[in-house]
Amino acid sequence: MKNLRKILFPFSLIYGIVTSIRNFLYDKGISKSTSFDIPIIAVGNLSVGGTGKTPMVEYLIRLFSDKYKLATLSRGYKRKSKGFYLANSETKMEMIGDEPFQYHSKFKNISVAVDANRVEGVEKLLTKIPDLELVLLDDAFQHRKIKAGFYIMLTAYDDLFYKDLVLPAGNLRECKSGIKRADVVVVTKCPVDLSEDKMQEIRNRIKKEDSKIFFSTILYSPFVTNGKEEKTFSDFSNNFIAVAGIAKPQYFYDYLKCTSENSLTFPDHHHFSEKDIQHILDKAQNRKIITTEKDYMRLKNLLPKEQLYYLPIEMMFLGNEDGFEEVMDCYKVLF
């Protein structure tokens with residue numbers, strides 16, 4: 001792996017220069033960045049996948065949806081529709097993508113839209129929902145054509161951005177200096193017992209004095225569900241297989257205490273074919289199938305309902321949740 005990184009490093013230098021020039025043009029106003037007279041919060045990261053954006057967006061939905069008329073706007077990765085699409089009661093997962101469909105399925109009091117062009121997406125949201133009060137941009141940290149009012153940058157504890165390299169030698173979408181756009185940095189997927197000394201060490205390495213830094217972890221439910229009933233793992237007596245098509249499934253497998261013998265991994269955002277479904281069923285051999293909540297959105301109409309369950313998760317801040325909420329409330333007040 002080290003030798004491969006050495007080979008790819010020159011390409012990373014080129015990629016880093018290109019993204020830095022792009023950011024410079026936006027920072028200096030040479031390239032146009034559109035802002036709106038409505039609060040917009042962008043959630044994203046510097047690296048490719050696996051930082052916990054979906055739990056973060058869901059946390060913000062829970063925090064704000066009872067107070068404000070709220071909409072999420074995503075790209076809609078691997079969806080079958082084109083352009084702007086506002087979810088409705090007839091919407092299928094394929095039309096908006098798995099993550100937006102998850103928001104749409106779980107939170108009935110918000111609007112969920114997709115558009116690869118975030119500027120046009122916000123414009124159309126405001127046309128269709130004139131009394132809209134807040135927009136959450138999902139995975140839009142590098143989408144410089146729109147200027148959000150507040151940026152939340154995520155970095156995973158076991159893959160901290162300052163230890164990484166720019167693509168293709170590493171996983172960074174842009175140079176580490178991109179952190180300067182962040183109003184808040186959240187270190188995600190931390191151990192529950194992360195010490196204050198370790199937190200301070202990470203703060204010192206991040207070196208962003210004008211940005212608040214928070215730490216969070218993933219809470220897995222003690223139950224799995226199929227949307228109608230809940231069961232504990234003991235109900236299955238370890239007689240199940242786990243299926244995941246997410247960027248970093250190891251947390252999921254570790255929690256379920258899975259091995260390679262009873263787990264099956266697919267690429268992130270994978271569209272399951274008939275062959276894939278048959279492979280899952282052959283592996284399961286009539287045992288229960290436990291998947292992630294995101295994968296459940298893609299599998300629930302493809303696998304037997306009585307056989308398929310998913311494991312719910314939520315994000316929890318470590319030690320300073322009130323501080324995060326105060327920062328978010330200040331943004332709303334200042335707007």
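**View 1. N117 caps the N-terminal end of helix α5.** A side-chain oxygen of N117 lies 3.1 Å from the backbone nitrogen of V119; a polar contact here is a pair of N or O atoms within 3.5 Å, where within protein one must be able to donate a hydrogen and the other to accept it, and residues adjacent in sequence count only if both atoms are side-chain atoms. Helices (H or I, at least four residues) and strands (E, at least two) are DSSP runs, numbered from the N terminus. Before you zoom in further, note that this is a predicted model, in which local features need pLDDT of at least 70 and side-chain atom pairs count only at pLDDT 80 or more, while totals for chains, interfaces and linings use all residues. Residues are numbered from 1 along each chain as its sequence is written, and side-chain values use heavy atoms, with hydrogens and water left out.

**View 2. Helix α5 (residues 118-128) has a buried side.** R118, V119, G121, V122 and L125 are buried (under 20% relative accessible area, with exposed being over 50% and partly exposed in between; 1.4 Å probe, protein chains only). These residues lie on the same side of α5 because they cover an arc of only 165 degrees around the axis, taken from the directions from the helix axis to the C-beta atoms. An α-helix has 3.6 residues a turn, so residues three or four places apart point the same way. The cover over the buried residues of α5 includes strands β1 (40-45), β2 (70-74), β3 (85-86), β4 (111-114) and β5 (134-138). On the face turned away from the buried side, you will find the exposed residues T127 and K128.

**View 3. K106 and E58 meet in a salt bridge.** Their side chains come to 2.7 Å, N to O, and a salt bridge is a side-chain nitrogen of Lys or Arg within 4 Å of a carboxyl oxygen of Asp or Glu. By this rule the count comes to 14 salt bridges. The pair K106 and E58 links helix α4 (residues 98-106) with helix α2 (residues 53-64), the two residues being 48 residues apart. K106 is partly exposed at 29% relative accessibility, whereas E58 is buried at 2%.

**View 4. E314 and R62 form a salt bridge.** The closest N and O atoms are 3.8 Å apart. E314 belongs to strand β15 and R62 to helix α2, so this pair ties together parts that are 252 residues apart in sequence. Both partners are partly exposed, E314 with a relative accessible area of 41% and R62 at 34%.

**View 5. K294 and E99 form a buried salt bridge.** The side chains meet at 2.7 Å, N to O. K294 sits in helix α10 (residues 293-299) and E99 in helix α4, so the pair ties together parts that are 195 residues apart in sequence.

**View 6. P312 sits in the loop between β14 (308-311) and β15 (313-317).** P312 is partly exposed, with a relative accessible area of 22%. Beyond its neighbours within four places in sequence, P312 is in contact (heavy atoms within 4.5 Å) with L219, Y220, S221, F223, V224, T225 and E293.
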